[in-house]
Amino acid sequence: MSTSLSPLTTTALPPVEGERGTSLGKDAWHRLKKNRLAVAGGVILLLLTIACVVGPWLSPYKYYEMNLKETFLAPSAKHWFGTDQIGHDLFIRILYGGRISLGVGFCATFVALTIGVVYGAVAGYVGGKTDAAMMRFVDIIYALPFTIFVILLMVFFGRNVVLLFVAIGAVEWLTMARIVRSQIMTLKKMEFIEAARSLGLSDVRIIFRHLLPNAFGPIIVYTTLTIPAVMLLEAFLSFLGLGVQPPMSSWGTLIKDGAEKMEEFPWLLLFPGVIFSLTLFSLNFLGDGLRDALDVRAAKD
Amino acid sequence: MLRFIFRRLLQVIPVFFVIITATFFMVRFVPGGPFTSEKAIPPEIMRNLEAHYGLDQPLWHQYLSYLGQIAHGDLGPSFKYANRSVNEIIAAKLPVSLELGAWSMLVALVVGLPLGVVAAVKRNTILDYLCSSTGMIGICVPTFVLGPLLALFFGIYLNWFNVSGWYGPSDRVLPAATLGFVYAAYIMRLTRGGMLEVLNQDYIRTARAKGASELRIVLRHALRGGILPVVAFLGPAVAGILTGSFVIETIFQIPGLGREFVNSAFSRDYTVVLGTVILYAGLIIVMNLLTDVVQVWLNPKLKFE
């Protein structure tokens, strides 16, 4: 497990000999399973997601339930993570916040993924002047200070969750488009595409049935690494007071609230902070593990 | 070389144009204006205010005259602070943000580079694992968690630094450490990756065969190639540090431009928002250009295309 703690190096693991007959996916799965950190990341992520989805149904408390007799309680058997200034149970608020944070992470990444893949595939497949124009457009957008625009959008058009998805998704698709384009450019010169074309298949079919499945590796890896970036951006906005509104709460807003009261009640900052960081850890380790397993060099643009 | 810079500068013009236009119309189509407040303003006064700031003109007219103003380097008057121009506000706040950014960058480089070099040279030893996990922590613990935690520990429990404010030199420590640490982590990871790639190359073996000391090999031969990924990262890093200062300035109550920007967006101070966006965009574009130039200068394999 020498490479497990050094996730940046994209040195591929030595190809496993004597496994002829297994598919590429199985091979990658096999290599991923050997990377203990990546597996741990995956398991933690799964547990957190299940807890956030199922947990609120099983708990006796509600996220909007105030209890003014039980404010600022330290963590105890009754309130695992303590309570806040109006008696909200922090544990249940973190679970609900997780729904929002993870939800934003997955949905916005999905938006970015869809736009980026389609855009990149079309640019790479069509090539020529169209490609040049499309990529010039990406270059120009790349140079825009996007965090600033997202802040402006959120301030001006109200803090609604749908807009948040769209705004973040619109920022994050650029790198995906570049990656997919470069993959398609290499793939489209291969013989099997020529074969597909001589069979008279339509361009759309060639792109979606023949080219994209072969570019899945980088797409999966980059998706895994986009989710933590998106969650960070959402929490960043929430911390500036631009996230979701109370009584709903994302992890970002919980951290913001906690930071304001940390002097007397440090657990209000500690628990959301730790859970959030743990999630980012898991996603990053999983992403790095996948990159090694799928043998994708330089998922960075 | 000069042609390359000139061509890149030409590309900058449309980018700037897009930024100015997009921001200008975005702020105008927003519900609520700079003079909407809880107290209703009598319509006559409202009309006078709008006439004073030129808001009664048709929108395209305002847009063109704004473009004309910018061309002369004038960002207009602030809508919220009477009698203060945007230029004055920026002149007062920007130095604070720049100082914070400079200290953070220093922290990032001074911490990140050595850790990355050590991790690469001592690959797969306990030292490497220590450095690498520090890097992972830096990437996964966001500034808005790290900042309050540092303030809590060093400011409140140990009482070494002030928790907020921007007065003496000691007030620079916590904000710069918080903001710099994240980028130190990225720089550490990039340095490690870059160094590992370079250390496997033939010319390093040659240097070793010629009997150069290990220290000399690392510092004189490997480092120049090894930090190339870091140089490429510096442009985005500066952009990140600039926008990252929004959060840091909020946490530590620093009177910088980042906080001013967020506040002016909330209070619909159009001209301040526009001016700040243009300034940030300009800084980021210039940094990216500088990064490209330095990259080619360091790496003879890359030619100015």
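**Exercise 1. Contact range in chain B**

Task: In this predicted model, what share of the contacts in chain B between residues at least 6 apart in sequence join residues at least 24 apart?

Solution: Take the contacts in chain B whose partners are at least 6 apart in sequence. Of these, 75% join residues at least 24 apart.

**Exercise 2. Make-up of chain B**

Task: How many helices and strands does chain B have, and what percentage of its residues count as buried?

Solution: Start with the secondary structure, which comes to 12 helices and zero strands in chain B. Written along the sequence, the pattern is therefore α-α-α-α-α-α-α-α-α-α-α-α. Next, burial: chain B has 305 residues, and 39% of them count as buried. For overall extent, a box of roughly 85 × 55 × 30 Å along the principal axes holds the C-alpha atoms of chain B.

**Exercise 3. A helix pair in chain A**

Task: Which term describes the packing of α2(A) against α3(A), parallel or oblique, and which residues make the contact?

Solution:

1. Helix α2 of chain A spans residues 36–58 and helix α3 of chain A spans residues 90–126; their axes lie 8 Å apart at an angle of about 120 degrees.
2. Because of that angle, α2(A) is oblique to α3(A).
3. The crossing of α2(A) past α3(A) is left-handed.
4. From α2(A), the contact takes Leu48(A), Thr49(A), Ala51(A), Cys52(A), Val53(A), Gly55(A) and Pro56(A). From α3(A), the contact takes Ile92(A), Leu95(A), Tyr96(A), Gly98(A), Arg99(A) and Leu102(A).
5. Sorted by class, the contact of α2(A) with α3(A) has nine nonpolar, three polar and one charged residues. Arg99(A) is the charged one, as Arg counts as charged.

Conventions
Residues numbered from 1 in each chain as written. Chains lettered and ligands numbered in written order. Predicted model: local features only at pLDDT ≥ 70, side-chain atom pairs only at ≥ 80, totals over all residues. Helix = DSSP H or I, 4+ residues; strand = E, 2+ residues; numbered from the N terminus. Buried ≥ 20, exposed ≤ 12 C-beta atoms within 10 Å, placed from the backbone. Contact = placed C-beta atoms within 7 Å. Axes fitted to C-alpha atoms, helices over the stretch in contact; angles between N-to-C directions. Parallel < 35°, antiparallel > 145°, perpendicular 65-115°, else oblique. Left-handed = near helix turned anticlockwise from the far one by under 90°.
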